[in-house]
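Hi,

Here is the model I promised to pass on. Have a look, and my notes on a few of the helices follow below.

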Amino acid sequence: MSGRWWALVAVSLATFMTYLDNNVVNVALPTIQRNLALTISGLEWIVSAYILVFAGLLLAGGRLADVFGPRTAFFTGLTVFTLASVAAGLAGSQETLIAARAVQGLGAALVTPSTLALLPRIFPDPRERATAVGVWSAVGALALAIGPLTGGFLSENADWGWIFLINLPIGVVAAVIGLRSIRVERATSGRMSLDLPGLGTSAVALFALTYALIEGESRGWTSAPILGAFAAFAVAAVAFLIVESRTAQPMIDLSLFRERVFSGGLLSMGLWSFGVFGIYFFTALYLQSALGFSPTEAGAGFVPMALLMAVIASVSPRIAERFGSAGTVAVGLGLMAVAIGGLSSAGEGSHYGDLLPWFLLYGAGAGLLVPLTNVVLGAMPPARAGVASGVLNVSREVFGLLGITILGAILSARQSAVGGAPLHAFLEAYRFTLLIAAAIVLVGVPVSVYSLRRGRAAADVTEPAEPAVAEPVA
């Protein structure tokens, strides 16, 4: 196997590790709470601290990858994330664990944009690059499957700290392989500045928005902290737009958002994330509340869906090359919407076998969204691949949080309105919420058809890299 494919292994391992940590904690929370005597607030912040820092610094991480080179950002983030994982696994108090989770988010905010920024440089050939992006996406989908299963198994059969300590061998292997195989070049488009005002305002805006979405349900959407967070987001977002429109070297060229391929691709990716995050979260509740699954069984219930998603993700760039990105993405979102609607037929007497066909259809549809990654990256100049990756991942994270919070608010309101036995009320609200989710995801079908129409296949979107010079070894 040639060096660039070993480089893909290193990048994929790092991606797997950060994606795994996005959802490995959830099913282990009861065990962690018992062992550390956590408060409810502390329990919430174990999850929130990681997401808050990760989402808040994604654009900053992308910019740092562009300025210092994706290779440097990759290994810096990988080191920070791995060491923070060890600290989290050995934590003996809620304060230490929450702090370690926040540092994990910092590492992930450097790793995630740099992995996507590395791929066009490692694979300059469009066809090979499409295959590499498919593999990268398949690994992310696999992490979605293994995360809940791993968290449930380790929390039930071993010490909860192992859900974090397993990142140590993965991080070390990724670093060793990467140091030997990642040899990339950096574009010589002139010296780039950090754009500190842009970094600061974007971080404040994303921190404030993420905090409001995470805490809104528990604190109340009209409470002073949440309204203040939304206000801070609005002010910082406006300031960011003003800064970016006036600086000589902006983080993001705002004119790109007038391009339908770029803005439409981001919206389509956001709607995908809205469906994936929301359905995972609430269907996990259904499996345990209505079907009586244990945490490990509930995690295992998602494995067939995510495995099929990973398989389809690996071949979807070739499907897009044959039939076009617009049709491929539209079909994927359509299949997801149909599957979500089909899941709404689940009731109190349903069995896992009744859900499995819809899970598989959902996984197939979600896997077809991979070409969007190449579409969004291809809309940015090669020297801005880091920020393009950051924008893509911000869309994914924020819409994912919207999926959980909006669908959660709908479910809670419907459950209160239905009344009756708790399980009956939950099931009625769950089915109603799924129909709303299906309608929202379905919006992505016309969006993708319009925004990606007449586009070349995903494998051909990214332009050749600019003349480059070798980046010093980190």
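**Helix notes**

Helices here are DSSP runs (H or I, at least four residues), numbered from the N terminus. Before you dig in: this is a predicted model, with local features needing pLDDT of at least 70 and side-chain atom pairs counted only at pLDDT 80 or more, while totals for chains, interfaces and linings use all residues. Residues are numbered from 1 along each chain as its sequence is written, and side-chain values use heavy atoms, with hydrogens and water left out.

Back to helix 10 (residues 196-219): its 24 residues reach 32 Å from first C-alpha to last, close to the 34 Å expected at 1.5 Å a residue (that is 1.5 Å times one less than the number of residues). Helix 10 also bends by about 35° at Leu213, the bend being the angle between axes fitted to the seven residues ending there and the seven starting there.

Its partner is helix 11 (residues 224-246): the two axes come within 8 Å and cross at roughly 155° (lines fitted to C-alpha atoms over the stretch in contact, angles from 0 to 180 degrees between N-to-C directions). So helix 10 is roughly antiparallel to helix 11, a label for angles over 145 degrees.

Helix 1 (residues 3-23) and helix 9 (residues 167-181) also pack at about 155°, axes 8 Å apart, and are therefore roughly antiparallel too.

Cheers

Technical notes
Helices (H or I, at least four residues) and strands (E, at least two) are DSSP runs, numbered from the N terminus. Angles under 35 degrees count as roughly parallel, over 145 as roughly antiparallel, 65 to 115 as roughly perpendicular and the rest as oblique.
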